[in-house]
Structure formats: structure tokens, C-alpha cells
Amino acid sequence: MKAVQILGDVSSPNIFTNYSMETPEVKDSEILIRVHAAGITGDEIIWPEPYASATRIPGHEISGIVSALGPNYDGPLSIDQEVLAFLHTDRGQAQADYVVCLPDEVAVKPTSISHAQAAALPIPLLTAWEAITDHAMVKPGMRVFITGASGAVGIMAVQLARKLAGAFVIALASPRNHEMLKGLGANEVLDYNVSGWEKSVVGVDVVFDTVGGEVLAKTWECVKDDGVIVTVGDPAPDWAFGRGQAPEAVQCPNVRYFHFIVSPNAKRMEDGSEMVAAESLTTLAVKRFPFNEAKAAWGYAQKRNRVEKVVIDFIEEN
Ligand SMILES: NC(=O)c1ccc[n+]([C@@H]2O[C@H](COP(=O)([O-])OP(=O)(O)OC[C@H]3O[C@@H](n4cnc5c(N)ncnc54)[C@H](OP(=O)(O)O)[C@@H]3O)[C@@H](O)[C@H]2O)c1
């Protein structure tokens, strides 16, 4: 089968297209998916998993059809069914013709969208959903400030915070994305290019940061005394993974703050798919690259000022 590989190391990665990799086989209750399209999160290039795997295949999100089911599979999926999947961050290896998934990683694909659109959905949808409901526990009427709001995770977070949780949403993004974000439910929009933006957001209940670094540091000025900051921006802050305290916590001892790694959740993907089918959740714009242009796809995915999430086509769709 063909697959993308990341050769080299994290300081000098090299995206490679391999046309002669071994097709995996299913066992137990696994599901083999024939991949039609696979999504790319640009910062995945610094995620450690592909460098540690024998195959060197990157990627965690796909859309395709069920090709085989393990002998002990007893779930609802059947051969040839159209599905989307998010593979656990430790497993990954999804940018290939065939991918082995676990039952909690797979959900039925909405029929109203293409495989390319579906492949762009799992990581942004699950990350935003987990942040808003599990970590920030957003309730109706809360004020939620979302950084990187025009990014893949941000666009999903704006919609879920407003439509699922009933929050008042403030979105940080460049001005060219402001109308789009208002159309998706943002109550207020702010321009990150305006210096001092952090002083114009006061006392929010929740910050969901998808940028990290200096932007994350500034959000401590925006959150209320007993508010919550949740971040997924890469690279992860120094205090992530139990490595210590955020320096800002000294001044803001009652602010709770979390970094997390997104988990698979088939039920949430089903619920998200139903929202897409009901047109209450808007999918991301995608920029598609054929498999043989995987290197260019990865390069484009790492650029800023994109409007689209990047997807690699393993089977060309119309
Ligand atoms: N921990 C996890 O489980 C997890 C899961 C998913 C994603 N992530 C991470 O979360 C981040 C967001 O992912 P994504 O897929 O949404 O990425 P994305 O689509 O590339 O979006 C990134 C967003 O951040 C904005 N941005 C970047 N640098 C900025 C800066 N210096 N100031 C203000 N805004 C800035 C971009 O705005 P412009 O386009 O205007 O530059 C864009 O809106 C990535 O680092 C990704 O690796 C982590």
C-alpha cells in the first residue's frame, strides 16, 4: 500500500511518499479502513509519535470505508460503510491506504459531506468538544474567550461553545476572519494584531487557547480570578504533563489551568456528525492535495494565514 512517512528526526523532518508498505491486518475487534482522505494538523510535525513508530507513518484522522472487521468485532459497523476516525495519539499511523482502528475511534460519516471534509473533522471536533465540556465545563451564559479562533480547532470551539454550551463567545483572530466567525456564532471578535488586545477582554469565565506561547501567557490577564484556562497550543507549555506550575499562577492562585491531549470518542464523533447532517455544525473549508504531493501538503499545513485545513486524498474524489 502507499503511505506518507516522516523520516529524519523532529529537528529535521523529511516528508516522504512510500508506495510499497505492508498492508496491516485486523485482529480481535479491530476495524480496517480503506482511507479515502486523511487530515493534517501542521504542528503534528513536532508530535513525537511518528518518530517513535517503526513505520514512520504520521496522521491521526481519516475518512474512508470499512474494509475488514476483526473476528471479535461486535459493533454496529459493516463492510463498505462510510466512516470517519480519530486514532489515539499514541497509535496514529493514519496517512496510509489502509489503517487499523479500534472501535472507539470510528464513527459513521455524515452522507452530506465529502471524504475530504470528513477527514478534516475528527481532531478539531473532538479537541474543541473535550475542552469546552470536560475541562472547562462551560455552562449557558458563561463568557468564553477562544484564541486561534480562525484555526481548525478554534472554528469548532466557537461553534460548540455557542451552540452546544450556550456560552457568550469572544473570538481572537485576524480581521479577515471576523465576519466568518460572527457567522459561526462568535458574539465578539478581536484582532490579535492590535497591541494590548488582552486588556480589552476582562473577567472571562473560560479561556480556550489554541495558540500557546505569548498568546497563552497574555490570556491570564483576561480570565476572572476563579476562572479556567484550557490550552492545546503547541509546543505545550513548560508546566504541561505535570512538569510544574504556570508562573502566572503565583499572581492568580485561584485560576485553574489545564493542558490536555485529545482522546478518541466515537460517541462524540457520531453526535458531531449528526450536528453536521442537521446543518447545526459547519464543517471546515479544506485544501486537498493528491497523495503524490504529500510533501507540499505538509508544507502548506504548517503555514499561517490559511483559511483551510489540509487534507491528503488517497483516492481521488470528484
Ligand atoms: N493537545 C491536543 O490534543 C491538540 C489537538 C489538536 C490540536 N492541537 C494543537 O492546537 C493548535 C491549533 O490546532 P489547529 O489545527 O486549530 O491549527 P490551525 O488550523 O493551524 O490554527 C492555528 C490558529 O492559531 C492562530 N495563530 C497562530 N499563531 C498565532 C499568533 N502568534 N497569534 C495569534 N494567533 C495565532 C492562527 O491564526 P492565523 O491563521 O491568522 O495565523 C490560526 O487561527 C496546534 O498547535 C495543534 O498542534 C493540540
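Modeller: Asp-28 is partly exposed, with a relative accessible area of 44% (buried means under 20%, exposed over 50%, and partly exposed in between, with a 1.4 Å probe and protein chains only). The model is predicted, and therefore local features need a pLDDT of at least 70 and side-chain atom pairs a pLDDT of 80 or more, while totals for chains, interfaces and linings use all residues. Residues are numbered from 1 along each chain as its sequence is written, and side-chain values use heavy atoms, with hydrogens and water left out.

Asp-28 belongs to the loop between the strands β2 (12-18) and β3 (31-40); strands are DSSP runs of E with at least two residues, numbered from the N terminus. The phi angle of Asp-28 is positive, near 45°, in a residue that is not glycine. Most residues other than glycine have a negative phi, and most peptide bonds are trans.

Phe-241 counts as exposed, at 54% relative accessibility, and is found in the loop between β12 and β13. The loop between β12 (223-231) and β13 (256-259) also holds Pro-235. The peptide bond from Asp-234 to Pro-235 is cis, with omega near -5°.

Between the two, 14 residues of domain 1 are in contact with 11 residues of domain 2, contact meaning heavy atoms within 4.5 Å.

The interior can be described through its nonpolar cores, sets of buried Ala, Val, Leu, Ile, Met, Phe, Trp, Tyr and Cys residues joined through side-chain atoms within 4.5 Å. The largest nonpolar core has 52 residues, of which Val-138, Ile-146, Val-158, Leu-181 and Phe-208 touch the most other members. This core lies between domain 1 and domain 2, because both give residues to it. Leu-181, apart from its neighbours within four places in sequence, is in contact with Ala-149, Ser-150, Ile-155, Val-158, Ala-171, Ala-173, Ala-186 and Val-189. There is also a second, separate core of 35 residues, among them Met-1, Ile-15, Ala-38 and Val-66.

Conventions
Domains from an automatic or database assignment. Helix = DSSP H or I, 4+ residues; strand = E, 2+ residues; numbered from the N terminus.
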